[in-house]
Amino acid sequence: MNILEAVLITIVTASTPLLIAAMGELVVERSGVLNLGVEGMMVMGSVSGFAAAYMTGSPWLGALAAIIVGAVFSLLFAFLTLTLVTNQVATGLALTLLGLGLSGMLGEPFVGHPGVRMDNIHIPGLSDLPLVGGLLFGEDPLFYISILLVIAVSWFLFKTRAGLTLRSVGDNHGSAHALGIPVIGIRYLAVMFGGACAGLAGAQLSLVYTPQWVENMTAGRGWIALALVVFASWRPWRVFAGAYLFGALTIAQLHVQAIDLNSLGFLPGPFYWLLAALKSVPTQFLSSLPYLATIVVLVLISRNRRLTMVNTPASLGRAFVPDR
Amino acid sequence: MMRIELIKRPQHSALFSALSPIIALVLTLVFGAILFALLGRNPVTAMYIYFVSPLTQVWQIHELAVKAAPLILIAVGLAVCYRSNNWNIGAEGQLTMGAIAGSILPVLVPEYQGVFLLPLMLIMGMAGGALYAAIPALLKVRFNTNEILSSLMLVYVAQLFLDWVVRGPWRDPQGYNFPQTIQFSDAAILPELFPASGRASWAFVFAIVAALIVWFLMAKTLKGFEVKVIGQSPRAGRFAGFSTGRMVLFAFMVSGALAGLAGISEVSATINQLQPVISPGYGFTAIIVAFLGRLNPIGIIAAGLVLALSYLGGEAAQAAIGISDKTARVFQGMLLFFVLASDTLIYYRIRLITSRRAAGEAALEHS
């Protein structure tokens, strides 16, 4: 395995949780609900995934537990915003704050214990192919699930009747209701799907990315996933591109922090000097790059007001009380 | 099968406006007791240790004021933001930047110890917080950028910046390589109110004064009217000739300045130096304070004391009965949920419909 291949594999691992969480939120927002609780659901997934895998020894049961916990946890948000029509922004924040607190408390006994790693898939022959072998056929299972998720969500939203119904609920809940579509029921299902995805994304962190439990281990990834949905103008394949862009950036800054300049003397001058310049930047500045990049990307994408208006689900974040 | 149905009230209920925070508190206590029972503790003892024992001695009341001061300061500013429909959730970052800006003089010019030192520190802290809050505000006005995400991202950036400052350029050369600045001189420390009995400092007075000023601003001035109109209906605000853009900047900078003041007050009065972590999440807990106080500055004073108590209770419970102090954050999160849920009662009547009753209604309609 050469350096390039190793770097590419770490990029995939860093991008997968962003991709899974953002795909869930994309479906939620397409149904007209803005759930800012992604960070909270994700961290609940991390702790429950870790705990279940630790206690049973099976990372698969861990992932399953995280999916269930994420979906159940999101029901809190759904009940408040959909049944009691509370403010979605405030309730989403509440979900994040509760999730961070609850996961800290529940996870306390697990701090410092080595976790259970979900092993990479190995297909004899294919995984051993040079360069692309490990990259395409030797990844962790959640990578393949994340790709299937993009395909499935894309197909569901744009090729099925149910997907069309979900989008209509998000674009005009009044008309959808008048046509007899169960707006609230569909939104409940969408929110739970988002919760399940966020839970699984959280489990990826505690089972694949760094198999351990650390308080607040999501470190803002739930918020970056939210930004990715806006960045992707609510389109699944653009979320995919965005997630990999951010994954690459995260890994690039980590590698710059870790490189040993002395071993890179063979590089052509300009490259060497570029790396040397980056290396001289304090690590804290490099670590803040993903967050700054999120802001820059949001600015670029929302600058064009008309384009944003066209793409945003028209009922996004608006409360709906059926008039019977 | 039971269904919940909301029926809009003709006008909002004044009774439930007053009652909803209390309902929320009671529900939180009930669920808290259940939580303690699940953790295998006697709920009555645990609740006593959590919510009563931290208030039994005078120095403990001081501690309550120490914790409540930053919460009230920040929440009062957030109320202006939320009332005008600006979702600033980056107060933690504004607190951090305020603390750094306010520490410039005591760290870089420690030999200056004049009478203007403290006022300058406080002003610089407020300026630091306000300018940092102006970033998401300007991005929202100029580029239509979602302020929720940008203000939150800036929290991480501010915390990393603080980390760099205390490990890099501002590190105490005689500090045995610990990531911290030099200790502030006595002239740079915010005085305690009653040093004989406890630690409560002038920060608490700032908090009360800020709450009163913002209350006056919101209730009695045109600016306050503008905040409320733009918050409830931006369209109506435009017809009235109010500029939404300037309001975004105003709300963010007021709340940033107050968060910055909270930051430099905390550093000056309580920590006496900069270190990598200067706040146990005051900027986020203040969001809960703002909502529990129903976005009203006077209510926020009471709410700030309640949330401050939850911090103290967490510490007390950890010391006395070995419950993790992380339960405090669970309480805080639950509280916000219950506050939001109870607020529904202000605008709606809630009707529970069992399927039998629904069937009966259907039969009536068809007859």
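Is the crossing of α13(B) and α14(B) left-handed or right-handed? The answer is reached below, after a view of each chain.

This is a predicted model, in which local features need pLDDT of at least 70, side-chain atom pairs count only at pLDDT 80 or more, and totals for chains, interfaces and linings use all residues. Residues are numbered from 1 along each chain as its sequence is written, while chains are lettered from A and ligands numbered from 1 in the order in which they are written.

Chain A has 15 helices and 0 strands. Here helices (H or I, at least four residues) and strands (E, at least two) are DSSP runs, numbered from the N terminus. Along the principal axes, the C-alpha atoms of chain A fill a box of roughly 70 × 50 × 40 Å. Of the 324 residues in chain A, 48% are buried; a residue is buried if 20 or more other C-beta atoms, placed from the backbone, lie within 10 Å of its own.

Chain B contains 15 helices and 2 strands. Its C-alpha trace spans about 90 × 60 × 35 Å along the principal axes. Buried residues account for 50% of the 367 residues in chain B.

The two chains touch each other. Chain A gives 42 residues to the contact and chain B gives 39 residues, where two residues are in contact if their C-beta atoms, placed from the backbone, lie within 7 Å. The elements that give two or more residues to the side of chain A are α3, α4, α10, α13, α14 and α15 of chain A. With 12 residues, α4(A) gives the most to this side. By class, the side of chain A that touches chain B has 26 nonpolar, 13 polar and 3 charged residues. In this scheme Ala, Val, Leu, Ile, Met, Phe, Trp, Tyr, Cys and Pro count as nonpolar, Asp, Glu, Lys and Arg as charged, and the others, Gly among them, as polar.

Within chain B, the axes of helix α13 (residues 297-321) and helix α14 (residues 327-347) come within 8 Å and cross at roughly 150°. Axes are lines fitted to C-alpha atoms, for helices over the stretch in contact, and angles run from 0 to 180 degrees between N-to-C directions. The two helices are therefore roughly antiparallel to each other, a term for angles over 145 degrees. The crossing of α13(B) and α14(B) is right-handed: the near helix is turned clockwise from the far one by less than a right angle. Among the residues that make the contact are L307(B) and Y311(B) of α13(B) and F331(B) of α14(B).

Methods. Buried ≥ 20, exposed ≤ 12 C-beta atoms within 10 Å, placed from the backbone. Parallel < 35°, antiparallel > 145°, perpendicular 65-115°, else oblique.
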